[in-house]
Amino acid sequence: RRIDALLKQGIKPEELVAITYTTKAASEMKDRLTEKRKILPSDLRKMEVATFHSFLSRFLKQDPLGAGIDSSAAVIDENTREILMLDLADRFAEQYGEKIINGDNALGADIAAKLIAKFPLALSKIRRYLLSPGEFYRKAKQQLNSNGTEIEFKTLEWLFQFYTLYMEELEKRNLLDFDEILIKSKNLIQYMRENGVAPDRRVF
């Protein structure tokens, strides 16, 4: 209804973006717009009906330099990211296991094994806040400074290391996960606003 109303108000189809969460929902929306709202196929083709991440991915690739990405970067879904994180956790344990158990920020064998196993899930939750490794580290440390325990401070150091390695892995493989698309889009829009450049689309 809203799209139909906006078109009748004189908004151009090419200025409209209809966002859904799944590809299936995007397809169903297109069907409803043509069948129920009688929107002309020619107008529908000028609009963009897409998933949130698909739309933002194309938005970033319109200005890859400003977005700080490689235009050929591939987007990975949640399942692929989970597999990547689990693989990274195994390699992290192999590379840093001895230091986590006996090094400067040692946690002991039992605690170290349990924490590393939880790192992928913990990082998935952290990424939802759209924080870079550095931003996460600073915010977490500020919270711990008031009443954090020694184990919590040591855990933060290792989780920050794991997060950093994850981002390096994405860059090495030329990949973007969904959260990085959101982070890069937020930064690009902020950059455009600061430089007086408006996005092509004005109705969302």
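Tutor: Happy to! Let's start with a term we need: an axis here is a line fitted to C-alpha atoms, for helices over the stretch in contact, and angles run from 0 to 180 degrees between N-to-C directions. Keep in mind that this is a predicted model.

Student: How are two packed helices described?

Tutor: Two packed helices are described by the angle between their axes and the distance between the axes. Take helix α6 (residues 78–102) and helix α7 (residues 109–127): they pack at about 145°, and their axes are 10 Å apart. Their crossing is right-handed.

Student: Which residues make the contact of α6 and α7?

Tutor: From α6 come R81, M85, L86, A89, F92, A93, I100 and I101, and from α7 come A109, A112, I116, F119, P120, L123, S124 and R127. By class, this contact of α6 with α7 has 13 nonpolar residues, one polar and two charged.

Student: What about S124: is it buried or exposed?

Tutor: The cut-off for buried is under 20% relative accessible area. S124 has 17%, so this residue is buried. S124 sits in helix α7 and touches R81 and M85, leaving aside residues up to four places away in sequence. For a sense of scale, S124 and F59 are 65 residues apart in sequence, and their C-alpha atoms are 24 Å apart in space.

Student: How do α8 and α9 pack?

Tutor: Their angle is about 175°, with the axes 10 Å apart. Angles over 145 degrees count as roughly antiparallel, and α8 and α9 are therefore roughly antiparallel to each other. On the α8 side the contact includes P133, F136, Y137 and L144, and on the α9 side it includes F153, L156, F160 and Y163. The contact of α8 with α9 has 11 nonpolar, four polar and three charged residues.

Student: And how are α6 and α9 oriented to each other?

Tutor: The axes of α6 and α9 come within 10 Å and cross at roughly 130°, and the two helices are therefore oblique to each other. The crossing of α6 past α9 is right-handed. Among the residues that meet are L84, L88, F92 and Y96 in α6, with W158, F162, L165 and Y166 in α9. Here the classes are 12 nonpolar, one polar and six charged.

Student: Which residues touch the most other members of the largest nonpolar core?

Tutor: That core has 30 residues, and F92, I100, F119, F136 and Y166 touch the most other members. The elements giving two or more residues to this core are α6, α7, α8 (133–147) and α9 (150–173). The most comes from α9, with nine residues. Apart from this core lies another one, of 14 residues, among them F55, F59, L176 and L188.

Student: What does I100 touch?

Tutor: Not counting residues up to four places away in sequence, I100 touches F92, N105, A106, L107, G108, A112, I116 and W158.

How values were computed. Residues are numbered from 1 along each chain as its sequence is written. This is a predicted model: local features need pLDDT of at least 70, side-chain atom pairs count only at pLDDT 80 or more; totals for chains, interfaces and linings use all residues. Side-chain values use heavy atoms; hydrogens and water are left out. Helices (H or I, at least four residues) and strands (E, at least two) are DSSP runs, numbered from the N terminus. A crossing is left-handed if the near helix is turned anticlockwise from the far one by less than a right angle, and right-handed if clockwise. Contact means heavy atoms within 4.5 Å. Ala, Val, Leu, Ile, Met, Phe, Trp, Tyr, Cys and Pro count as nonpolar, Asp, Glu, Lys and Arg as charged, and the others, Gly among them, as polar. A nonpolar core is a set of buried Ala, Val, Leu, Ile, Met, Phe, Trp, Tyr and Cys residues joined through side-chain atoms within 4.5 Å. Buried means under 20% relative accessible area, exposed over 50%, partly exposed in between (1.4 Å probe, protein chains only). Angles under 35 degrees count as roughly parallel, over 145 as roughly antiparallel, 65 to 115 as roughly perpendicular and the rest as oblique.
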